[in-house]
Amino acid sequence: MCGIVGYVGKSPVVPILINGLKRLEYRGYDSAGLALITENGLWKEKAVGRVFNLEQKVSQSPEATIGIAHTRWATHGGVTEENAHPHMDNDLRIAVVHNGIIENMNQIKKKLQEEGAVFRSETDTEVIPHLISKYYKKDPQEAVRRAVRDLRGTYGIVVAFADHPNKLIAARNGSPLVIGLGKDETVIASDPQAIVEHTRNVIYMNDREIAIIDAKNIVVNSLDGISVDSSVETIDNDYTVAELESNEHFMEKEIFEQVESIKRCIRGRLQTEEGNSKLGGLNLSSRDLSKINSVINIACGTSYHAGMVGAMAIEALARVPARAEVASEYRYRHPIIPADSVFFAVSQSGETADTLGAVQEVQLKGGRVFGIINVVGSTIARTCEGGIYVHSGPEVAVASTKAFTSQVTAFLLFALNLARTKDMSFEDGQEFAQSLFDVPSLVTQYLEDTGPIDEAVKLITEYSKYTLFLGRGFSYPVALEGALKLKEIAYVPCEAYAAGEMKHGPIAMLEEGTPVIFIIPNDSHREKSISNLKEVQARGAKIIAVHTAGDEEVAELAHLSIPVPQTHEIISPLLTSIPLQLISYKAGLALGRDIDKPRNLAKSVTVE
Ligand code: BG6
């Protein structure tokens with residue numbers, strides 16, 4: 001997934017493009033580039049690495065008030081200057097920036113080469129400027145329209161023509177594009193983050209649309225050439241650039257923001273007196289809720305792990321069958337949509353293509369999909385029929401932390417609400433609601449004394465060959481999330497297993513000194529977990545136990561004991577996941593990793 005910005009107006013364009021790219025850098029940051037329409041034609045520059053490197057190279061750029069730019073997350077072709085965007089035709093009269101994947105690039109490329117086109121890069125994107133050049137007579141929109149009709153796959157593109165120094169052409173199919181209507185200026189970008197400093201009046205382009213934009217006018221047509229009456233919406237979401245403040249990294253800042261982010265997620269929703277919750281955004285009456293007979297959560301990455309905890313909580317509290325599905329698998333599995341079921345699309349960014357694709361597949365088959373989303377106004381949020389915004393606030397670090405605990409909190413609110421329409425009693429509802437209400441103060445308590453995290457990091461990084469995460473019940477998805485974080489941030493080889501399953505295979509990985517992180521709160525699985533803990537200890541493993549404070553037996557058994565405050569079994573992931581976030585953060589620091597922008601990752605991936 002990549003970030004695209006385009007601008008046409010009166011202001012010097014380079015600083016606007018560079019600032020826009022910096023705001024979109026979470027979408028991909030392996031290389032960047034821009035093209036300007038100047039009085040001498042198209043001028044372009046590219047650089048490998050972060051936008052900062054490009055900024056250095058364009059300090060002497062020519063004057064211009066119109067241009068396009070791109071920050072890349074490589075899909076086709078290595079991370080090189082040649083593969084960075086924009087890509088141009090052979091006459092250097094057409095420049096294109098693209099977000100998406102062209103699936104039929106090989107056929108098109110072969111034909112274009114037979115017709116004389118010379119390719120400079122390994123990218124799929126480069127077929128687009130050559131195609132446009134092939135169709136270009138004098139009408140830029142017509143050339144782009146004919147070119148994109150030959151494409152199969154996903155795209156959000158913005159095109160600059162040397163012959164048309166006052167306009168840009170954009171087209172969308174599958175990848176987000178938003179147009180910002182400013183005063184005598186127009187900004188187009190992959191998402192509003194790069195637009196709000198200019199204007200809050202935007203048009204969200206839809207699939208199979210093409211737009212001609214200049215400083216004053218925007219014309220949107222369908223790819224069949226029919227005029228589209230696009231509605232202008234006002235962004236009310238707060239896109240203020242999150243500042244690091246006194247923190248060294250956004251990941252650290254966001255881990256310590258979880259007290260407030262969980263509070264924001266329950267505020268105005270949790271009803272401790274009534275032992276229930278109220279989730280207005282779902283538009284589901286108690287009667288609707290009582291008819292629900294199964295829940296399926298679709299998501300990717302960390303959001304998938306939140307979906308797993310959510311499904312377990314719905315089953316445990318409401319006794320309604322529930323499961324989590326990996327979106328990229330579920331969408332192509334010809335899914336069966338059970339009657340009386342509801343789906344939750346779980347996504348921090350609300351832009352992840354795999355999850356969006358699964359949502360559209362379920363809706364196509366008549367399923368009802370609700371969102372558990374952080375970014376307000378995102379594509380998945382606007383595609384769902386309702387949902388729960390988790391109010392984590394902007395999450396900048398690529399590895400998700402506070403969004404995970406907010407997503408889990410949203411699920412616990414829903415599970416309580418659903419359970420109260422089923423068999424849960426008023427008293428049990430009150431008890432659970434009170435336990436959930438107490439979480440922010442318990443998280444504060446833990447963050448005031450986080451335990452021997454540095455020692456745990458030393459154990460993991462010194463051994464460094466392999467680390468195993470184990471947990472049972474609600475601690476199993478926490479183990480999965482812990483392992484994902486250690487991979488994402490520190491690139492440490494590790495995996496997570498259900499503790500009971502460990503002896504059926506991965507136990508073979510253990511030897512003297514292997515670090516095993518065991519999530520073992522004081523819950524219904526404690527006894528069995530202790531047996532598993534002793535099984536791995538017998539193979540010489542060094543146990544790092546995340547356990548309930550005051551559990552001396554586990555503390556003594558463990559090589560390192562990391563206590564967290566006592567809470568309800570179903571709520572325990574909100575506490576046990578935080579030490580694992582800290583371990584991965586500190587391990588990444590110890591190994592000198594780029595914490596907020598790990599290699600090969602992006603904050604959310606809008607390509608399949
Ligand atoms: C990955 C991110 O690209 O997408 C993960 O690096 C994230 O942090 C995953 O969990 C899913 O993203 P989202 O926005 O749909 O929750």
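User: Which residues are closest to the ligand, and how many surround it?
Analyst: There are 15 residues around the ligand, and the closest are S303, S347, Q348, S349 and T352. A residue counts as near if one of its heavy atoms lies within 4 Å of the molecule. Keep in mind that this is a predicted model: local features need pLDDT of at least 70, side-chain atom pairs count only at pLDDT 80 or more, and totals for chains, interfaces and linings use all residues. Residues are numbered from 1 along each chain as its sequence is written, and side-chain values use heavy atoms, with hydrogens and water left out.

User: What kinds of residues are in that shell, by class?
Analyst: Nine are polar, four are nonpolar and two are charged. Here Ala, Val, Leu, Ile, Met, Phe, Trp, Tyr, Cys and Pro count as nonpolar, Asp, Glu, Lys and Arg as charged, and the others, Gly among them, as polar.

User: And which helix gives the largest share of the shell?
Analyst: That's helix α9, residues 301-318, with three residues. Helices (H or I, at least four residues) and strands (E, at least two) are DSSP runs, numbered from the N terminus.

User: What does the side chain of S349 do with the ligand?
Analyst: An N or O atom in the S349 side chain is 2.7 Å from an oxygen atom of the ligand. Backbone N or O atoms come in too: one of A602 is 2.8 Å from a ligand oxygen, and one of V398 is 3.0 Å from a ligand oxygen.

User: How much of the ligand does the protein bury?
Analyst: The protein buries 92% of the 390 Å² that the ligand exposes when taken alone. Those areas come from the Shrake-Rupley method with a 1.4 Å probe.

User: Switching to sheets. What's the strand order in the six-strand one?
Analyst: The order is β5-β6-β7-β8-β12-β13, an open sheet with antiparallel pairing. Since β5 (87-88) and β13 (218-222) are at the edges, each has a single partner strand, so one side of each is left without a neighbour in the sheet. Two strands pair if DSSP finds at least two bridges between them.

User: How many bridges between β12 and β13?
Analyst: Five, in the antiparallel sense, with β12 covering residues 209-213. I210 has N221 in β13 as its bridge partner.

User: What about the eight-strand sheet, which order does that take?
Analyst: That open sheet runs β3-β2-β4-β1-β10-β9-β11-β14, again with antiparallel pairing. Its edge strands are β3 (41-48) and β14 (233-234), each pairing on one side only.

User: Where's β2, and what joins β2 to β3?
Analyst: Strand β2 is residues 31-38, and eight bridges join β2 to β3, which run antiparallel. A hairpin links the two through two residues. L34 stands opposite E45 in β3.

User: And how do β9 and β11 pair?
Analyst: Strand β9 (residues 178-181) and strand β11 (residues 201-204) pair antiparallel over three bridges. V178 stands opposite Y204 in β11.

Technical notes: A polar contact is a pair of N or O atoms within 3.5 Å; within protein, one must be able to donate a hydrogen and the other to accept it, and residues adjacent in sequence count only if both atoms are side-chain atoms.
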